[in-house]
Each structure stands twice: as structure tokens, then as C-alpha cells.
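Please look over this model with me.

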Amino acid sequence: MKKSMLRLLLFFLTIIHLIVPAGATCAYAAEVKTRQKVLILNSYHSGYRGSDDIAKGFTETLLKSLPQTEIKTEYLDSKNYSGSAFDAKIVDLLRFKYARRHFDLILSTDDYAFDVLEKGRESTFGATPVVFCGTNSFDPSRLKGKRGIIGIDERPSFKDTLDLIFRLHPKTQEIIAISDQSVTGRLNEEEFRQAAAKVTTKARYTYLAGLRMDELVARVKKVKPDSVMVYFASFVEDRNGERISSNDALRIVSDASPVPIYGGWEFSLGNGIVGGRLINLREHGAAAAVMAVSILKGTAVATTPSIAPSPNKDMFDYKQMQRFRIPESRLPKGSIVINKPPNLLWSLRVEILATISIILLFALIDNLFKLVHSRRTIKKHRDALIERNAELEEALSKIKVLEGIIPVCMYCKQVQNDEQSWQQMESYISQHSEAQFSHGICPACFAERFGDGPTKKA
């Protein structure tokens, strides 16, 4: 019985081997093995511009190099919830969801996600490599004693932006910094204070942190003309305690402000700031992806720099520059300017192309009519030439007959025609040419017939 079962099993295995293409199972296994898994810990919620830009830059760059990678995102929603109780529940939730799930790499976006990893990485994810970005003014001492963690320092260029403000607005007497009281807000304010400490003699500094929207707008409307504001609040609460997103709040503040507003992040550009030396979070994400690809391809974390500098750029909004009469010629060389209107030719490109198309259309129609007329004229002349050629050929054929040997009677001078009959020479010539005859009498014949020749006049 056992032998028959064994034979039956071998038979089925043989059939399966014949049906499945050679190497298919191995190829599938290899594909599964190379399909790596990445978890993105997003500090905020879907739709928040800053962390979304990081995720987009990271995902696009990573998948170009490793297209089979599986990427999962966990949103921690810290813009809407905060506090020690919430933090503890987040750590418990991650441990519950992922303690038994393997990831090849973790990306943390912004400060809150990295704070959570600091508290629960070992118990939840073990030694899984971590790449961080979006962490503000990162303190390298936080990595002491930790292995497998690298990232990018999101450090705003507040000092460069302040220098730019004093260059573009030399009469500035007051700088007003607008921020929030979140973890990120406090870190950014501290960074700004350090930058301001280097140029304290040029202006006085005022800090507005955590004001409600109605209070903030009222305060902004009273700003003196010799002031400039720097906005880096990640949210502003309304009178009911509901949080207004960074850019929505910025647009309200900008509309109320009689003075220019500068910023620190690219995602604020086009929402009310003039500009500044800004952080581009999409590029942060792309730079983090380069690090991640290197790790996923086998490069040891210890062989790469632990912290990379923030790739910031001078960026400006042309509409705000026009509003506050800032000439483009005074911007730093290589600055990026958005909302800049195209030159006159480019702005009228549709009208110009339409006009050229109409002119070409009329030229084409005119040439078409000329071609039709020319074809008719050519046909008319061709028909006339054909008719004239036929006439010439007919005349030529007659001339050839007359040029041949004409049999003439030596006595009566009659001519033998084609039908072998005899006819008068005049009649023959008239039939075979255009010649016509008129009859008269020559003097010799007159003398012969009638005697004396005609009398000549004296």
C-alpha cells in the first residue's frame, strides 16, 4: 500500500514538473527574495504638504532604482494630537501592528516620527536600518550608542534669510517671527533665535508663538511699516481650538499684512511669503532615498555619513516681489523665481501662432487656385497644340505626296493619281495641297493660237 502511494506521489510530482516551466519556481523565489519592504513613518497626516513632499521625493527616487520595493506608510497624525498619553498609545500601536512583521528599512519624516522611533525602535523593529529626514536642527549626540541610523538634517537657513532681508529692506527696524508651540515649532524658534543673535544690532526682534488666528491677524494689522515678518508656523488655531494648516493660515496672515513676509520652507512659497533661502522637502526625500537605496543594496550604514546637510535654495514669489516693489536684479545669483510672467512674445504665443496659421492657410488656398488655373491653361494650350500638330501632320503628309514622283503625260500633261486614273494636273495639285488655280494665257500661246502677239504700248 505504501509503495503504491509513493509511486502515485512520484507520478504527480513528475506531471507538475512537466507542466510548470523550467526555472519558474526558482525565478519566483528569487523575485520574492529581492522584493524588499520599506516602512515610512510619517509624523503627520495625508495631505500635509511638508511630509507629503518628503514622501513623494523619497518614493519616486527609490522606485527608480528598486522598482520592486514594497512601500507602506504609517501616519502618526501629530499635528492633530499630541501629549505623553498619545505618544504612549502610538508606541503601543506600532508594537501591536509591526512587532512580528519584517521591514528592510524604515524612513521617518520629521521630528515626531524620529522621537517615536527613539522610544520604541528596538522593541518593535529590532535592528532594522533607519533613514530619517525632516528633523529640525538635529543634534548628532542623539545617535550616540545607536547603530544603523543615518539621515538628513533639516536645518533652516534663517541667518541667510535675515541677511537677505536687511539687504532688500535696508530700513528694517523690527523683525517679527511667527511660529507655533509644537515640538517642531519650538525647535524652529530656537534655531531662529540663534540666527538672530548674530545680527542683533540691525533690528529688534519680536516673537509671536501660539496666538489664535483672530489675535494674530489683529496683531499683524498693527505692524509698523519699517517691519518685516518671518513665518514658520506649522499650524494656527482658530478661536474654537481647531487647527488651521500652515499654508491656509499663511494666506490669511499675508492678506492682512502691510509688510513683506519671509519664510524657511519651499512649501510656503506661493502662499504669501516673498521667499528666502528655503528648505525643499521634496529634495530632502530624494536625498534620503539615495541613502536608502545604498543600504538596501548592501552598503553598511556605518560606512556612510551619519548626517547630511540640508539642501536649501534661494527661492522667491514674483507676485509678492511686485507687491512690495522688490526688483529681481537685487536677488542672489541663481535664485529661483515662481509665478514670473512670460515675456511678451511667449504670452502672445497663441495669437501669433493663430495669425501665422491663417496666413499660411490663405497662402495655401491662393496657391491652390493658381495651380487649378495653371492646369486649365496648360490643358487649353495642350489641346491647341494637339490640334495644330494634327493640322501640320496632315499638311506635311500632303507635301510629301507632292514631293514624290508624279507621273505626268508628256503630251497632254495629265497626272496619274493614286487610283491609277488620269486627271488634270490642276485638279490633282488642288486635291493634294492648299494651292488654287486661276486660268489665263501666256504671250507665246496667244501668238500661237491667235496669230500676232498682243500690241505693246509705246
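1. Helix 5 gives seven residues to the lining of the second largest pocket, the largest share. Helices here are DSSP runs of H or I, at least four residues, numbered from the N terminus. A pocket is an open set of 1 Å grid points where a 1.4 Å probe fits, with protein on both sides within 12 Å along at least five of seven lines; lining residues have an atom within 4 Å of a point.

2. The volume of this second largest pocket is about 180 Å³. Its lining has 13 residues, with E118, R121, E122, K146 and I149 closest to the centre. Six of the lining residues are charged, four nonpolar and three polar.

3. This is a predicted model: local features need pLDDT of at least 70, side-chain atom pairs pLDDT 80 or more, while totals for linings use all residues. Residues are numbered from 1 along each chain, and side-chain values use heavy atoms, without hydrogens and water.

4. The largest pocket holds about 240 Å³ of space. S78, S82, Y112, S182 and V183 lie nearest its centre, among 20 lining residues. Helix 5 again gives the largest share, five residues.

5. The largest nonpolar core has 53 residues. Such a core joins buried Ala, Val, Leu, Ile, Met, Phe, Trp, Tyr and Cys residues through side-chain atoms within 4.5 Å; buried means under 20% relative accessible area, with a 1.4 Å probe and protein chains only. Helix 10 (residues 281-296) gives the most to it, eight residues. Another core, of 23 residues, lies apart and includes M213 and Y231.

Terms used. Buried < 20%, exposed > 50% of the residue type's maximum accessible area, 1.4 Å probe, protein only. Helix = DSSP H or I, 4+ residues; strand = E, 2+ residues; numbered from the N terminus. Points joined across faces, edges and corners; volume = space filled by probe spheres on them. Nonpolar A, V, L, I, M, F, W, Y, C, P; charged D, E, K, R; others polar.
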